[in-house]
Amino acid sequence: MNGNEATLTIELQKDLDALRQGYLEHAPPDVVATMGKAAEELIRSGIVERTVPVGSPAPDFALPNAVGREVRLSAVTARGPAVITFYRGAW
Amino acid sequence: MRAYQKILPQIKRLGGELLAISPQTPDKSQATLLKNFLEYEVLSDVGNRVAQSFGLVYPLGAEVRRIYLGFGVDLAEYNGDDSWELPLPGTFIIDRTMTIRLSFADADYTRRLEPAAILDTLRVIRDEGGAP
């Protein structure tokens, strides 16, 4: 675990907790059970502890943006700090 | 995604840039941008290659796949591959020396890093900038 959780404030978390509560109330019980089991397995897999930690070198990359233009991380950080956030997708 | 959009002006004032990365194809990323009125780069990491290098990728099991499909979410279509792998939601800040300065990931997909933590780290980096 990488320390930053200590700096969490509660506002966003409250929104997300409310969202999750809404989801759990409306989803069929078997779906909730399966998703819960999958989440537990994921936590037990130790994946969070294997993410790149503070102080290590960032892997450079070049990826296409929404209009297909390539964006390179090292080109961004040459200008200033880069905040990168991975998300699963908007379905 | 909208939570990060809200702090985008502050990120920029602190000299930072925001990049969002998902396994979706560029077409789907563009749809996400338009739907959410996002004003930052949304990058397409087809096959989760970059997410893998940050240690974030995991496969969805057969039961979970069936649930996704039941909700009409065919990841093979959205992501342009049939691996059924996803990245954990994770946020990192990388400084000019390409060093990781903030690292946050959570296996509980409903948890996210608070935007305030991002701004705190950017302030620390900015304050170092003037030092000899």
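Modeller: One term is needed at the outset: a salt bridge here is a side-chain nitrogen of Lys or Arg within 4 Å of a carboxyl oxygen of Asp or Glu. Please keep in mind throughout that this is a predicted model.

Colleague: By this rule, what does the count of salt bridges over all chains come to?
Modeller: Side chains of opposite charge can pair when their charged atoms come close. Applied over all chains, the rule brings the count of salt bridges to nine.

Colleague: How many salt bridges does the rule find across the interface of chain B and chain A?
Modeller: One pair that meets in a salt bridge is A:Lys37 with B:Glu63, whose side chains come to 3.5 Å, N to O. Across the interface of chain B and chain A, the number of salt bridges found is three.

Colleague: How many residue pairs are in polar contact across the interface of chain B and chain A?
Modeller: On the side of chain B that touches chain A, the residues divide into 47 nonpolar, 15 polar and 13 charged. Counting pairs in which both residues are at pLDDT 80 or more, the rule finds polar contacts across this interface in a number of residue pairs that comes to 23.

Colleague: About how much area do chain B and chain A bury between them?
Modeller: The contact involves 75 residues of chain B and 60 residues of chain A. Of the area buried between the two chains, 64% is on carbon and sulfur atoms, and the total is about 6,500 Å².

Colleague: Which three residues supply more than any other three of the area that chain B buries against chain A?
Modeller: Together these three supply 11% of the area that chain B buries against chain A, and they are B:Glu17, B:Met98 and B:Glu114.

Colleague: Are the faces of strand 3 of chain A covered or exposed?
Modeller: On one side A:Ala82, A:Ile84 and A:Phe86 are buried, and on the other A:Val83 and A:Thr85 are buried as well. With five of its five residues buried, the strand is mostly covered, and both of its faces are covered.

Colleague: Where in chain A does the salt-bridge partner of A:Arg72 lie?
Modeller: A:Arg72 forms a salt bridge with A:Asp60, the closest N and O atoms being 3.9 Å apart. The pair links distant parts of the chain, 12 residues apart, with A:Arg72 in strand 2 and A:Asp60 in the loop between helix 2 and strand 1 of chain A.

Colleague: Which residues are linked with A:Asp60 in a network of salt bridges?
Modeller: A:Asp60 is partly exposed, because its relative accessible area of 37% falls between the 20% and 50% cut-offs. The residues linked with A:Asp60 in the network are A:Glu70 and A:Arg72.

Colleague: In which helix do B:Arg123 and B:Asp120 both lie?
Modeller: The two form a salt bridge whose closest N and O atoms are 3.1 Å apart. They are three residues apart, about one turn of the helix, and both lie in helix 6 of chain B, residues 115-129.

Colleague: Does B:Asp127 count as buried or exposed?
Modeller: B:Asp127 forms a salt bridge with B:Arg126, the closest N and O atoms being 3.1 Å apart, and B:Arg126 is partly exposed at 44% relative accessible area. Because the cut-off for exposed is over 50%, B:Asp127, at 51%, counts as exposed.

Colleague: With which side chain does the side chain of B:Asp95 make a polar contact?
Modeller: B:Asp95 lies in the loop between strand 5 and strand 6 of chain B, and at 8% relative accessibility it counts as buried. Leaving aside its neighbours within four places in sequence, B:Asp95 is in contact with A:Thr77, A:Pro81, B:Arg101 and B:Ile125. The polar contact, at 3.1 Å, is with the side chain of B:Arg101.

Note on methods: Residues are numbered from 1 along each chain as its sequence is written. Chains are lettered from A and ligands numbered from 1 in the order in which they are written. This is a predicted model: local features need pLDDT of at least 70, side-chain atom pairs count only at pLDDT 80 or more; totals for chains, interfaces and linings use all residues. Side-chain values use heavy atoms; hydrogens and water are left out. Contact means heavy atoms within 4.5 Å. Buried area is the accessible area (1.4 Å probe) that two parts lose on being put together, summed over both. A polar contact is a pair of N or O atoms within 3.5 Å; within protein, one must be able to donate a hydrogen and the other to accept it, and residues adjacent in sequence count only if both atoms are side-chain atoms. Ala, Val, Leu, Ile, Met, Phe, Trp, Tyr, Cys and Pro count as nonpolar, Asp, Glu, Lys and Arg as charged, and the others, Gly among them, as polar. Buried means under 20% relative accessible area, exposed over 50%, partly exposed in between (1.4 Å probe, protein chains only). Helices (H or I, at least four residues) and strands (E, at least two) are DSSP runs, numbered from the N terminus.
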